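The tour goes from stop to stop, with something to select at each.

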Amino acid sequence: MPRTTPPRPVDVEELFPELRPWRREALRLHPRRGNPAVHESSVGGPLLWPADEPWPTCEAEHDLGRDEDAVEIEGAPDFVPVVQLHRNDAPGVEFPPGKDLLQVLWCPFDPPGLYCPLPRVYWRTTASLGEVRSTPPAPDGARAEHVPAPCVVHPEPVVDYPSWDLPEDLSDQLSERFEQLEKETGWQYEDELAEAPGIKMGGYPSWTQDPLWPECEGCGETMEHLLTVSSVEYDGDGSSTWIPVEDRDGGDLDVRDRVQLQRPHGLMLGDMGGVYVFECRTCPDRPFTHHFDCS
């Protein structure tokens, strides 16, 4: 079943024409618990991984001290699948020339002093993959909240407008009108009208704290937002503007069903946080990095 984000309850660009130059296209993945096949786009599902290519492992030190039942790690732990996305399922997403498959994995253990898994990005050409190997299970002792449950995806293009990323002078200029809109309609710009939450490609990161756009170490340019992986698909008690039409049930969903919709992948990154993956599209090797924040 597709997933459809409802139209915003007000016309953002009509009310705030100053935002038109700042609109960005994003792709909500809408993960839902399921049993994705290896050849399908997915969150937390099996990957089309070449049989002749070693599975990636993490050489970093790891912090296991926060888990009473933590086990000692023997050797470098395996990375776990986070996102697999085919170009045919990703309208509006810019793939490198000749590539038609994106794979993002991360280490499910914490590096010292951090509450964030370390991601890696792979771009591939499916026609050249050859024989595919089995996706290994998550390593023993992996943090359960850092291992996404297998989910099918329902990609949907949406439009993002910036909230945290609004330039300060424009934010100051619009703040009174944002407040007036909330008084008149109840709709809050930052949470309900700006950028889409959840796991998504492109658009604006769904920051929890102040924005931090990294610069490419190679060319010095500000990097582009590739992927947000958030702990929740939407916030709120069921009245969120971001709940897909197909997941609404007259507001009568019980708590268990609502949690399943909010966190279908089972992830919890810090305190309701997110991992934001960035890439440089200027440098030929398309280097990437990431940032993490939480409440």
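The largest share is that of α2, with three residues. Helices (H or I, at least four residues) and strands (E, at least two) are DSSP runs, numbered from the N terminus.

Before moving on, note that this is a predicted model, in which local features need pLDDT of at least 70 and side-chain atom pairs count only at pLDDT 80 or more, while totals for chains, interfaces and linings use all residues. Residues are numbered from 1 along each chain as its sequence is written, and side-chain values use heavy atoms, with hydrogens and water left out.

Stay with Glu 182, which lies in helix α2. Buried means under 20% relative accessible area, exposed over 50%, and partly exposed in between (1.4 Å probe, protein chains only).

Next, select strand β12 (residues 224-230). Six of its seven residues are buried, so the strand is largely enclosed by the rest of the structure. Show its neighbours too: strand β11 (residues 200-202) pairs with β12 in the antiparallel sense over two bridges, and strand β13 (residues 274-279) runs antiparallel to β12, joined to it by six bridges. Strands count as paired if DSSP finds at least two bridges between them. Now pick Leu 227 in β12, which has Met 201 opposite it. In β13, the bridge partner of Leu 227 is Val 277.

The phi of Met 272 is near 60°, a positive value in a residue other than glycine. Most residues other than glycine have a negative phi. Met 272 is partly exposed, with a relative accessible area of 35%. The loop between β13 and β14 (288-293) contains Arg 286. Arg 286 is not a glycine either, yet has a positive phi of about 50°. Arg 286 counts as buried, at 12% relative accessibility.

Move to strand β10 (residues 156-160). Four of its five residues are buried, so β10 is largely enclosed by the rest of the structure. Its antiparallel partner is strand β1 (residues 24-28), over five bridges. Pick Leu 27 to see Pro 157 of β10 opposite.

Now colour the open sheet, whose six strands stand in the order β2-β9-β3-β5-β6-β7 with antiparallel pairing. Which strands stand at the edges? They are β2 (32-33) and β7 (118-124); each has a single partner strand, so one side of each is left without a neighbour in the sheet. The pairing of β2 with strand β9 (residues 151-152) is antiparallel and has two bridges. There, Arg 32 stands opposite Val 152 of β9.

For the last stop, select Trp 106 in strand β6 (residues 101-107). Trp 106 counts as buried, at 1% relative accessibility.
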